[in-house]
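Open your viewer and keep the selection tool ready. We will go stop by stop.

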Amino acid sequence: MRVVAAAVIVAFLAGPAFGQAQQPVQRYGEPDKEKTAQEIRAEKEAEAAYRRSLGNIPAQKQADPWGNVRSDAKPEAKTPEAKTSPAKKTKTGAN
């Protein structure tokens, strides 16, 4: 019974792989197939539809993923004047 089950599993797995191997594959350096007029027309229509769909997308403002972390206040410019008056450090509480 195990042999039959193993054979069935192998057959199910080999079937799709065998079917894929039957399709012709274009090799490197081979010339492209000639397109029919209908294929060329369909390709042009698809390209035009794609360009029209790009025009329908509304303009979006630039995303800022760190916007919640950053404060709205701009950082102060470091000037030599700011360094001349340091704040007095005090100790609070007991050691």
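The tour starts with the whole chain and then visits single residues.

**Before you click**

This is a predicted model, where local features need pLDDT of at least 70, side-chain atom pairs count only at pLDDT 80 or more, and totals for chains, interfaces and linings use all residues. Residues are numbered from 1 along each chain as its sequence is written, and side-chain values use heavy atoms, with hydrogens and water left out.

**Stop 1: the whole protein**

You will find 3 helices and 0 strands. Along the sequence the pattern reads α-α-α. Helices (H or I, at least four residues) and strands (E, at least two) are DSSP runs, numbered from the N terminus.

Now show the surface. The protein exposes about 10500 Å², and carbon and sulfur atoms supply 58% of that area. Such areas come from the Shrake-Rupley method with a 1.4 Å probe; for residues, only the protein chains shown count as cover. How much of the protein is buried? Buried residues make up 0% of its 95 residues. Buried means under 20% relative accessible area, exposed over 50%, and partly exposed in between (1.4 Å probe, protein chains only).

**Stop 2: color by confidence**

Color by pLDDT, the predictor's confidence in each residue, from 0 to 100. The protein's mean is 79, and 69% of its residues reach 70 or more. Select residues 37-55, helix H2: confidence is highest here, at 95. Then select residues 80-84, helix H3: confidence is lowest here, at a mean of 56. Where pLDDT is low, the predicted coordinates should not be read in detail.

**Stop 3: a nonpolar patch**

Select Val4, Val8 and Phe12. Together they make a nonpolar surface patch of about 310 Å². Patches are made of residues with over 30% relative accessible area and no salt bridge; like charges are joined within 9 Å, nonpolar side chains (Val, Leu, Ile, Met, Phe, Trp, Tyr) within 5 Å. Val8 sits in helix H1, residues 2-21. Its relative accessibility is 40%, so Val8 counts as partly exposed.

**Stop 4: the salt bridges**

The whole structure holds 2 salt bridges. Each is a side-chain nitrogen of Lys or Arg within 4 Å of a carboxyl oxygen of Asp or Glu.

Select Lys35 and Glu43. Their closest N and O atoms are 2.5 Å apart. Lys35 is partly exposed at 45%, and Glu43 is partly exposed at 46%.

Next, select Glu47 and Arg51. Their side chains meet at 3.1 Å, N to O. They are 4 residues apart in helix H2, so about one helical turn separates them. Is Arg51 buried or exposed? At 55% relative accessibility, Arg51 counts as exposed, while Glu47, at 38%, counts as partly exposed.
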